[in-house]
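I opened this notebook to record what I looked up in one structure. The entries follow the order in which I made them.

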Amino acid sequence: MRVMVIGKASKDTEAGVMPTAQAWEEMEKYQEELAKAGIVLAGEGLLPSSKGVRIRQSGKDRIVTDGPFAETKELIAGYSIWQVKSMEEAIAWAKRCPMADDSEIEIRPLFSYSPEEVSEIVSQAK
């Protein structure tokens, strides 16, 4: 199963505060372990929301709002895509992640349908 592991934003990540050298080293070691285990498929850190935009649909209009965005608990600071055998395996790996105090990780399974399954879903929706 493929999962997205989402690192939630904090006041520090939104302020652009960089991790300490020790935190960088710990995360680098953790990422190396994930790579050696064949778990991590992709991943990136994100710049603060002040560098981003949101686009909202209202009827036929698209409304663009520049960051920063007020609710940091709703923002993400980075993500990884993992290939794991189960949610339990993803949780076990996530628990090993070096994290700052009061930080949070969310794990979400990715949709994974074959073209045939998508065709079936679309035909049933008609």
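Entry 1: a helix on the sheet. I looked up helix H3, residues 87-95, and found that H3 lies across S1, S5 and S6. H3 runs at about 160 degrees to S6; axes are lines fitted to C-alpha atoms, for helices over the stretch in contact, and angles run from 0 to 180 degrees between N-to-C directions. Contact here means heavy atoms within 4.5 Å. Helices (H or I, at least four residues) and strands (E, at least two) are DSSP runs, numbered from the N terminus.

Entry 2: the basis of the values. I note that this is a predicted model, in which local features need pLDDT of at least 70 and side-chain atom pairs count only at pLDDT 80 or more, while totals for chains, interfaces and linings use all residues. Residues are numbered from 1 along each chain as its sequence is written, and side-chain values use heavy atoms, with hydrogens and water left out.

Entry 3: the sheet. I asked in what order the strands of the open sheet stand. The sheet has 4 strands in the order S2-S5-S1-S6, with antiparallel pairing; two strands pair if DSSP finds at least two bridges between them. Strand S2 (40-45) and strand S6 (105-109) each have a single partner strand, so one side of each is left without a neighbour in the sheet. From one strand to the next, the twist averages 15 degrees. Strand S1, residues 2-8, runs antiparallel to S6 and is joined to S6 by 5 bridges. Within S6, Glu106 stands opposite Ile6.

Entry 4: the core. I asked which residues form the largest nonpolar core. This core has 12 residues, among them Val3, Val5, Leu34, Trp82, Trp93 and Ile107. A nonpolar core is a set of buried Ala, Val, Leu, Ile, Met, Phe, Trp, Tyr and Cys residues joined through side-chain atoms within 4.5 Å. S1, helix H2 (21-36) and H3 each supply at least two residues of the core. H3 gives the most, with 3 residues. I then followed Ala94, a member of this core. Beyond its neighbours within four places in sequence, Ala94 is in contact with Tyr30, Trp82, Ile105 and Ile107.

Entry 5: I looked up Ser80, which is found in strand S5, residues 76-83. Is Ser80 buried or exposed? Ser80 counts as buried, at 10% relative accessibility; buried means under 20% relative accessible area, exposed over 50%, and partly exposed in between (1.4 Å probe, protein chains only). Residues up to four places away in sequence aside, Ser80 touches Val3, Met4, Val5, Val40, Ala42 and Gly43. Ser80 and Ile105 are 25 residues apart along the chain, and their C-alpha atoms are separated by 11 Å.

Tyr79 is also placed in strand S5. With a relative accessible area of 27%, Tyr79 is partly exposed. Neighbours within four places in sequence aside, its contacts are Met4, Val5, Ala42, Gly43 and Glu44. Tyr79 and Gly7 are 72 residues apart along the chain, yet their C-alpha atoms are separated by 5.9 Å.

Entry 6: Arg96 and charges over rings. I located Arg96 in the loop between H3 and S6. Arg96 counts as partly exposed, at 47% relative accessibility. Its charged end sits over the ring of Trp93, 4.4 Å from the ring centre. A charge sits over a ring if NZ of Lys or CZ of Arg is within 6 Å of the ring centre and within 35 degrees of the ring normal. Arg96 also touches Tyr30 and Glu33, not counting residues up to four places away in sequence. I recorded Arg54 as well, whose charged end sits over the ring of Phe69 at 4.1 Å from its centre.

Entry 7: The bridge partner of Arg56 in S4 is Ile63. The hairpin of S3 and S4 has 2 residues between the strands, and Gly59 takes a positive phi near 65 degrees there. Most residues other than glycine have a negative phi, and most peptide bonds are trans. A cis peptide bond joins Gly67 and Pro68, with omega about 10 degrees. Pro68 is found in the loop between strand S4 (61-66) and S5.
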